[in-house]
Amino acid sequence: MSSSGTPNSEASMSSATKEILGRVRQLIPPMLERFHKGQMGRVAVIGGSEDYTGAPYFSAMASARLGCDLSHVICTPTAATVIKTYSPNLMVHPLMRSLPSSPAKPAGEDSDPSTACKHDTDPSEIASRIIPLLSRLHVLVIGPGLGRDPLMQKTVALVIQAAKKQNMPMVLDADALLLICNDPDLVRGYQEAVLTPNVVEFERLAKALNIEKEVAKEGKETDRVERLARELGGVMVLQKGGKDYLSNGTVTYSVDLEGGKKRSGGQGDTLTGSIATFLGWRKAYHEGLWDVKHKMKEEETAGLAVFGGSAITRECSRLAFAKRGRSLQASDLTDEVHTAFLNIFGEVDEDVSKL
């Protein structure tokens, strides 16, 4: 087992990974005095319901710990009450609604007492209260703690459509991926979308898009993720596993950094939050927030942002497992985000005085 303070050894990385991380590093904004609040990333996680409050918290906190300026959670009122007790650093908006969990429950005992009103049972009405927030954000994470409640799912579909009109990057995970299985056209061709399926979710997506397992058996390991991305019209897909494979159907990367060996629930939420922060930094990079000598193209930096989020998460997992072993929990990854960043990218601000 690696020592918790030792960075992921360069000897364990492929030369391709070292080169890619060097490019990813260019997306990380330096800490300059002229910056003001919000410029280094405004991220919102849409998810969080009566039964699932940890997932949106882990995603939002990973984003915040990595370095985004403002981290929001948009969830149901019951989830909001709980999530607010986890951290005062997050901005929590109780704007989502779910259907009554039990028809037999007396009024006032449901997770969302006002769901008897059309105002809180019509997905269009609910979405109309969320969509105005989009102009204040850079990136959306959709899915952590979302659940499969029909009202939640329909509301999220409307928010996705609105976000697409604003060309907003979004990371879809967990039960948001169920939406894509049922309606692939929701993201098809939208190249600002990133899907992050685990093994089960990937198979569900592959089945929905008629991608056979035999493709992987006869070809290279990345055949299926590449085909899935192509079937979705260039959407970035990150296939999580022993190695993370990510592809938009044209360009494919393999993230071969060592990770931890414990597969506790919630580790994927650190991934979504980390990717979201890199996507926010990518936006600032292309808007010229700081000076760069040789600017990369937007089609190149999308994959680099996802690669960066994957690398951070794998290093968090490795560090946490080194300390906790089989007792590792998702919250242990949250505690390692900053160390993971330093291990992989070093002191990005060493040359800040030259900018």
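**Close-up 1. The largest nonpolar core of the predicted model.** This core holds 64 residues, and among them Phe278 and Phe345 touch the most other members. Helix H11, which spans residues 298-324, supplies the largest share of this core, namely ten residues. In soluble globular proteins, nonpolar side chains tend to be buried together.

**Close-up 2. The surroundings of Phe345.** When neighbours within four places in sequence are set aside, Phe345 is in contact with Leu21, Val24, Arg25 and Ile28, and also with Ile312 and Phe278.

**Close-up 3. Residues listed by UniProt under "binding site".** The unreviewed UniProt entry gives Gly145, the run Asn198, Val199, Val200, Glu201, Phe202, Glu203 and Arg204, and Asp269. Of these residues, Gly145, Asn198, Val199, Glu201 and Asp269 are included in the lining of the largest pocket.

**Close-up 4. Glu203 in helix H7.** Glu203 lies in helix H7, which covers residues 199-208, and its relative accessibility is 28%, so that this glutamate counts as partly exposed. Apart from neighbours within four places in sequence, Glu203 is in contact with Lys213 and Arg224.

**Close-up 5. Arg204 in helix H7.** Arg204, likewise listed by UniProt under "binding site" in the unreviewed entry, has its place in helix H7 and is partly exposed because its relative accessible area is 31%. Leaving out neighbours within four places in sequence, the contacts of Arg204 are with Arg148, Leu178 and Cys181.

Terms used: Residues numbered from 1 in each chain as written. Predicted model: local features only at pLDDT ≥ 70, side-chain atom pairs only at ≥ 80, totals over all residues. Heavy atoms only, no water. Core = buried A, V, L, I, M, F, W, Y, C linked by side-chain atoms within 4.5 Å. Buried < 20%, exposed > 50% of the residue type's maximum accessible area, 1.4 Å probe, protein only. Helix = DSSP H or I, 4+ residues; strand = E, 2+ residues; numbered from the N terminus. Contact = heavy atoms within 4.5 Å. UniProt positions renumbered as here; feature names shortened; annotations may be inferred. 1 Å grid on protein atoms, 1.4 Å probe; cavity = no way out; pocket = protein on both sides within 12 Å on 5 of 7 lines; lining within 4 Å.
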